[in-house]
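Hi everyone, thanks for coming. Have a look at the screen while I bring up the sequence and the model.

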Amino acid sequence: MMFPFEVLSAAGREVGLVVGVLIGFAFGFVLERAGFGRADKLVGQFYGNDMTVLKVMFTGIVTAMLGIVILDGVGIVDLRAVSDHAASITYLWPMLVGGLLLGVGFVVSGYCPGTSIVAMASGKIDGLFTVVGVIVGSVAMGELQPALGGWFTSGDLGNLYLYDLVGVPPMIVALAVTAMALAMFAGGERIERWLRGARAPAAERRPRLAAWGGLATAAVLGLATLLVPARGATTVRRTVAIDAVDLARRVVSRPWSVRVLDLREKRKCVEARVPGAECTPAKELGRLELGQSGSTRDLVLVGDGDVRTIPAPVVGYPGRVHALRGGFSSWRKFALTAPAPPGPRATAAEREVFRLRSGLHAAFTGVRAPPPPPPSSSGAPRRRGGGQGGCS
Amino acid sequence: MRPAEKFWNPYVAGVALGLVLLSSFLVMGRGLGASGASFRLGVAALSVVAPSHVHDAPALAAVGADRNPLDDWLVFEVLGVALGGLVSAFAAGRLKSELIRGPRISTGWRVALALGGGALMGMAARLARGCTSGQALSGGALLSVGAWVFMFSVFAGGYAMAWFVRREWR
């Protein structure tokens, strides 16, 4: 059985869209049942008298988190692969500011974008106007995006996860998050009881204890997955290809985020290699003890040509393992060959690639390239990929 | 008309929500979302009245230039959200046309704040690459650093602003 089913492939695209409606239906149904189709219930969170938002949100997060981390622990799902696809790149500053603004908008409008749809669907006129506002605001920001320039993609930490930051297996982080959530719930109940002046009725306490108990049990039992042998001990894992231009960008602008291992013969590596690469011919990989290292840096393997499967000593590496597409020959063509200067009608992207290549070429060979001709018009601003996320 | 049903126990609702989210990860390889669909709806509407402009603005062109912005999984998911909310409200006796507001605010002001607050959220969701559904819930469950930063910021922003709009609700 293959998880995820990835029903969005060409043949099954219609099925994927139908599944989307079904999943959305379940989402909207649960939101409404939780009371999130009403602004008075939602804003109660911010006035302290109704902790439902906290309870539902964090229970939901912890449930899904434990589910996916445990499935990863037993080897059914590849957590990092799903996360890299389903979660966006971390852009620290826009996300921080965006969060603050969304919180403000939440308490002003009474809804968040998702719940405003549920409210509108259940007849709430204020929900309807919030939906309209969200549509208008998002298009407005789309128009403003060029004016924000680089800030829109500032604080680019890549696909970074809490377990990378701390350097522990995901299951440990999941346990900690579960414990934190349960502590918050207990605290929230206290606050509500204090404001209400009485304990919640037994009919409410029983399901609560069942839910808490279930989450705590799952988290603790999940620890057993740490004993399961690391994925790849019996299966073959493939590397993720990275193009020379992307590797060059990372090596130049975020060298701390990659660790380049050159697998070729030592003599060839010493002669010419990717800046910062370590010369570790395949037979010497074992002594790097990659299974024991942290996961914050992405490994990039450079061979003579493509390196499609992860070599055995690298299989235990907890982070991402890339391979340079085309091996060192593609790097030679990209960085060590003088680039042709872009014509006057070149796009900003082509100009940036030229700058990158001529800079690398100059550094290696001491030959300086002529500057590119000035652009013929002001040109569209450079558009960096915005990253995929649950919403974009 | 029968009285409205009570809401579900929040923890039970949370577990149900988490299971829906988990199934989305497993079946589709992606999480839930809402604001992305709103953006696409806006671009689709704009394409009708100003198609050349949509082509020229890079952020809008990314979803609307050579393709139908509505032809996207998220738009269908959001359609499902609306249907699910509708059916649940109907089955629970909560389906009725009303405007929720506190006792001290007028209808006009409530509508204005709903629009304004919504617009602010629309802009914020673009910055954060998602909203509470896509980032906080989905990104949070996957332990993305940006999602957790976003989530705490949302709560901070909401609590900070609450006092200033207390007349809207109480």
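First, some housekeeping. This is a predicted model, in which local features need pLDDT of at least 70 and side-chain atom pairs count only at pLDDT 80 or more, while totals for chains, interfaces and linings use all residues. Residues are numbered from 1 along each chain as its sequence is written, chains are lettered from A and ligands numbered from 1 in the order in which they are written, and side-chain values use heavy atoms, with hydrogens and water left out.

Let's start with chain A. It holds 14 helices and five strands; these are DSSP runs numbered from the N terminus, H or I with at least four residues for helices, E with at least two for strands. Of its 392 residues, 50% are buried. Buried here means under 20% relative accessible area, exposed means over 50%, and partly exposed is in between, with a 1.4 Å probe and protein chains only. Among the chain A contacts with a separation of 6 or more, 66% join residues 24 or more positions apart, where contact means heavy atoms within 4.5 Å. The accessible surface of chain A is about 17,700 Å², and carbon and sulfur atoms own 64% of that; the areas come from the Shrake-Rupley method with a 1.4 Å probe, and for residues only the protein chains shown count as cover.

Now please find helix H7 of chain A, residues 125-148. Its 24 residues span 33 Å from first C-alpha to last, close to the expected 34 Å at 1.5 Å a residue; that expectation is 1.5 Å times one less than the number of residues. Where does H7(A) bend? At Gly142(A), by about 35°, with Pro146(A) following within four residues. The bend is the angle between axes fitted to the seven residues ending there and the seven starting there. Just past the helix, Gly149(A) has a positive phi of about 55°.

What does H7(A) pack against? Its buried residues, including Gly133(A), Gly137(A) and Gln145(A), pack against helices H2 (39-43), H5 (92-109) and H6 (113-121) of chain A, together with H2 (35-49), H4 (58-64) and H6 (107-128) of chain B. Beyond its neighbours within four places in sequence, Thr130(A) contacts Ser109(A), Tyr111(A) and Ser116(A), plus Ala114(B), Gly118(B) and Met121(B).

On to the rings. The whole structure has 14 aromatic pairs over all chains. One of them is Phe58(A) with Phe155(B), a tilted pair at 6.3 Å centre to centre and 40° between the planes. This pair crosses between chains, from helix H3 (residues 52-73) of chain A to helix H8 (residues 145-162) of chain B. Phe58(A) and Phe155(B) are both buried. In Tyr161(A) and Tyr163(A), the centres are 5.5 Å apart and the planes at 15°, so that pair is stacked. For the rule, rings of Phe, Tyr and Trp (its six-membered ring) pair if their centres lie within 6.5 Å; planes under 30 degrees apart are stacked, over 60 edge-to-face, and the rest tilted. Both of those tyrosines, Tyr161(A) and Tyr163(A), are buried.

There is also an aromatic cluster made of Phe46(A), Phe58(A), Phe106(A), Trp148(B), Phe152(B), Phe155(B) and Tyr159(B). As for charges over rings, Arg264(A) has its charged end over Phe328(A), 3.8 Å from the ring centre, and Arg208(A) lies over the face of Trp212(A) at 5.5 Å. The test is NZ of Lys or CZ of Arg within 6 Å of the ring centre and within 35 degrees of the ring normal.

Last stop, chain B. Most residues other than glycine have a negative phi. Arg129(B), though not a glycine, has a positive phi of about 60°. Arg129(B) sits in the loop between H6 and helix H7 (132-141) of chain B, and is buried at 4% relative accessible area. Leu143(B) also has a positive phi, near 65°; Leu143(B) lies in the loop between H7 and H8 of chain B.

Is Lys96(B) buried or partly exposed? Partly exposed, at 48% relative accessibility. Leaving aside neighbours within four places, Lys96(B) contacts Ser122(A), Gly123(A) and Lys124(A).
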